Amino acid sequence: MRVLELEVNGDQVEVGAPDHWTLLEVLRYRLGLYGSKQGCDKGDCGACTVLLDGEPVIACLTLAALCEGRRITTIEGLAPAHVRAGGRGPDPVQDAFDRCGALQCGFCQPGMMLSAWALLADNPTPTRGEINAALSGNLCRCTGYTQIVEAVELAIAEATGATPARPHWAKHESTPPKPASVDGREASR
Ligand code: FES
Ligand code: FES
């Protein structure tokens with residue numbers, strides 16, 4: 001057992017944990033941050049993805065003791081960081097996933113959104129191929145990925161002021177994508 005000094009979602013925390021515990025175990029079973037999912041627990045699914053100094057890492061394969069002195073961001077920290085930076089409502093990536101219906105069971109979503117967030121922080125205008133590559137470590141058993149990629153492209157379009165592409169399900173409809181939410185509610189058209 002050792003006491004770890006970690007920075008999690010902007011907070012400094014001290015937490016006791018066995019030496020061999022992973023970052024995922026500390027987040028879920030010591031800090032109660034259950035947004036990081038324990039899927040395969042062996043590096044295959046990406047459901048446990050968190051950001052370490054802004055870069056996606058597989059938390060189930062990352063030793064917690066090696067994370068001291070690093071910035072850890074979990075899905076719980078995304079919206080508060082957005083608000084601290086002067087934004088309103090949810091983080092734009094989370095909002096875009098919501099509005100595009102880019103989830104079914106939701107198990108993959110925290111890791112998927114954090115991988116997408118890190119991509120856009122590094123490259124605000126990625127190609128579809130770059131989006132696919134950035135999300136290739138995050139497996140989704142439910143959605144077929146189409147809405148997920150559309151959500152990332154919607155977030156890109158809104159951040160750059162471009163007209164969002166019409167989602168695949170609305171190709172033959174006249175309804176544009178739903179407007180951005182304000183404080184968690186849809187803005188009126
Ligand atoms: S739970 Fe970590 S990669 Fe699957
Ligand atoms: S929404 Fe179910 S695994 Fe992705």
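**Conventions.** I number residues from 1 along each chain as its sequence is written, and chains are lettered from A and ligands numbered from 1 in the order written. Since the model is predicted, local features need pLDDT of at least 70 and side-chain atom pairs count only at pLDDT 80 or more, while totals for chains, interfaces and linings use all residues.

**Layout.** I looked up the elements of the chain. I found six helices and seven strands. Both are DSSP runs numbered from the N terminus: helices are H or I with at least four residues, strands are E with at least two. From the N terminus on, I read β-β-α-β-β-β-α-α-α-α-α-β-β. Of the 189 residues, 35% are buried (20 or more other C-beta atoms within 10 Å of a residue's own, with C-beta atoms placed from the backbone). Next I checked contacts (C-beta atoms, placed from the backbone, within 7 Å). Among those between residues at least 6 apart in sequence, 54% join residues at least 24 apart.

I traced an open sheet of five strands, in the order 2-1-5-3-4 with mixed pairing. Strands pair if DSSP finds at least two bridges between them. Strand 2 (11–17) and strand 4 (55–58) are the edges, each pairing on one side only. Ignoring direction, neighbouring strands are turned by 45 degrees against each other on average.

I then went through individual pairs. Strand 1 (residues 2–8) pairs with strand 2 in the antiparallel sense over seven bridges. Leu6 has Val13 in strand 2 as its bridge partner. The two strands form a hairpin with two residues between them, and Asn9 in the turn has a positive phi of about 55 degrees. Strand 3 (residues 49–52) and strand 5 (residues 71–73) run antiparallel, joined by two bridges. Leu51 stands opposite Thr73 in strand 5. Helix 4 packs on the sheet, touching strand 3 and strand 4, and its direction makes about 35 degrees with that of strand 3.

**Helix pair.** I looked at helix 3 (residues 92–99) against helix 4 (residues 109–122). They pack at about 125 degrees, axes 9 Å apart. Axes are lines fitted to C-alpha atoms, for helices over the stretch in contact, and angles run from 0 to 180 degrees between N-to-C directions.

How values were computed:
A residue is buried if 20 or more other C-beta atoms lie within 10 Å of its own, exposed if 12 or fewer, and partly exposed in between; C-beta atoms are placed from the backbone. Two residues are in contact if their C-beta atoms, placed from the backbone, lie within 7 Å.
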